[in-house]
Amino acid sequence: MKLGRLNHIGVATPSIEESIAYYRDVMGATKIREPFDLEEQGVKVCFVDTPGDPTESGPSFGTQIELIEPLSDASPIAGFLAKNPAGGQHHLCYEVEDIEEARSWFEEKGKRILGPTRIGAHGTPIFFLHPKDMMGQLTEIMETPKETTHWSN
Ligand SMILES: C[C@@H](C(=O)O)C(=O)SCCNC(=O)CCNC(=O)[C@H](O)C(C)(C)COP(=O)(O)OP(=O)(O)OC[C@H]1O[C@@H](n2cnc3c(N)ncnc32)[C@H](O)[C@@H]1OP(=O)(O)O
Ligand SMILES: [Co+2]
């Protein structure tokens, strides 16, 4: 398996609305996408884009900040926010060419995979790896989108 692009940094927040104001007014973000609910993952999501390299092929935006707010107490990020009420860095998401190959790769290394492969916020398959097996970082692996037009909000 070959490591791909750092797609996003997941940031847990008690309020996407407040986080949007922070990225806009304090960090000077110029591209903040429309928030949406991802019921299956138990989170409300909002992407903040950082600029990409226009000379490269692929998406014209750079690594994103993925703001995630729990949709209910059953959300997988509810425990994290209980421990970190102000929110904070939650996970790193790396792209790979082939999700099945990546899953086998980590399985063979004895890394704990958290649940089944599912469809993530970019519409491509994702899975998560346990932070205790990944140098303390909850790690999301996602298949590189074949095209970026399917989520233009
Ligand atoms: C929208 C989608 C997308 O991008 O497409 C997303 O990203 S959805 C993003 C939200 N979805 C997910 O996160 C799904 C995968 N996550 C999970 O399955 C869970 O959140 C776990 C990572 C297993 C944590 O579960 P839970 O909070 O119940 O466990 P816990 O409190 O017992 O934690 C076990 C140990 O891991 C540590 N721990 C927990 N969350 C952590 C995190 N985010 N980063 C680093 N360490 C973490 C705890 O401090 C604890 O360590 P100590 O034992 O030393 O105290
Ligand atoms: Co994510």
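The side chain of Gln-41 makes a polar contact with the side chain of Arg-118, at 3.3 Å. A polar contact here is a pair of N or O atoms within 3.5 Å; within protein, one must be able to donate a hydrogen and the other to accept it, and residues adjacent in sequence count only if both atoms are side-chain atoms.

Before I go on, the conventions. This is a predicted model, in which local features need pLDDT of at least 70 and side-chain atom pairs count only at pLDDT 80 or more, while totals for chains, interfaces and linings use all residues. Residues are numbered from 1 along each chain as its sequence is written, chains are lettered from A and ligands numbered from 1 in the order in which they are written, and side-chain values use heavy atoms, with hydrogens and water left out.

Back to Gln-41. Gln-41 sits in the loop between strand 2 (36-38) and strand 3 (43-51). Helices and strands are DSSP runs numbered from the N terminus: H or I with at least four residues for helices, E with at least two for strands. Is Gln-41 buried or exposed? Its relative accessible area is 13%, so Gln-41 is buried. The cut-offs are under 20% relative accessible area for buried, over 50% for exposed, and partly exposed in between, with a 1.4 Å probe and protein chains only. Setting aside residues up to four places away in sequence, Gln-41 touches Pro-76, Arg-118, Ile-119, Gly-120 and Ile-126, where contact means heavy atoms within 4.5 Å.

Now the overall fold. The protein has 3 helices and 8 strands, and along the sequence they follow β-α-β-β-β-α-β-α-β-β-β. A compact globule of 153 residues would have a radius of gyration near 15 Å, and the protein agrees, with 15 Å. That radius is taken over C-alpha atoms, and the globule rule is 2.2 Å times the number of residues to the power 0.38. Along the principal axes, the C-alpha atoms fill a box of roughly 45 × 40 × 25 Å. Of the 153 residues, 41% count as buried. Among contacts with a separation of 6 or more, 57% come from residues 24 or more positions apart. The accessible surface is about 8,700 Å², with 53% of it belonging to carbon and sulfur atoms; areas come from the Shrake-Rupley method with a 1.4 Å probe, and for residues only the protein chains shown count as cover.

Next, the metal. Which residues coordinate the cobalt ion (ligand 2)? They are His-8 (NE2), Glu-66 (OE), His-91 (NE2) and Glu-140 (OE), at 2.1 to 2.2 Å. Donors are N, O and S atoms within 2.8 Å of the metal (3.2 Å for Na, K and Ca); water is not among the atoms, so sites may look incomplete. Along the chain, the donors of the cobalt ion have the spacing H-x57-E-x24-H-x48-E. Glu-66 lies in strand 4 (residues 61-70) and Glu-140 in strand 8 (residues 139-143), so the pair ties together parts that are 74 residues apart in sequence. Glu-66 is buried at 6% relative accessible area, and Glu-140 is buried at 4%.

Strand 8 also holds Met-142, which is buried with a relative accessible area of 1%. Beyond four places in sequence, Met-142 touches a list of residues including Asn-7, Cys-93, Tyr-94, Glu-95 and His-122. Met-142 and Leu-67 are 75 residues apart in sequence and 17 Å apart in space, C-alpha to C-alpha.

Leu-3 itself is in the segment before strand 1 (6-12) and is exposed, at 57%. Leaving out neighbours within four places in sequence, Leu-3 is in contact with Tyr-94 and Glu-95.

Met-135 is in the loop between strand 7 (125-129) and strand 8, and is exposed at 79% relative accessibility. What is the phi of Met-135? It is near 55°, a positive value in a residue other than glycine. Most residues other than glycine have a negative phi. Glu-100, in helix 3 (residues 99-108), is partly exposed at 48%. Glu-100 and Pro-76 are 24 residues apart in sequence and 23 Å apart in space, C-alpha to C-alpha.
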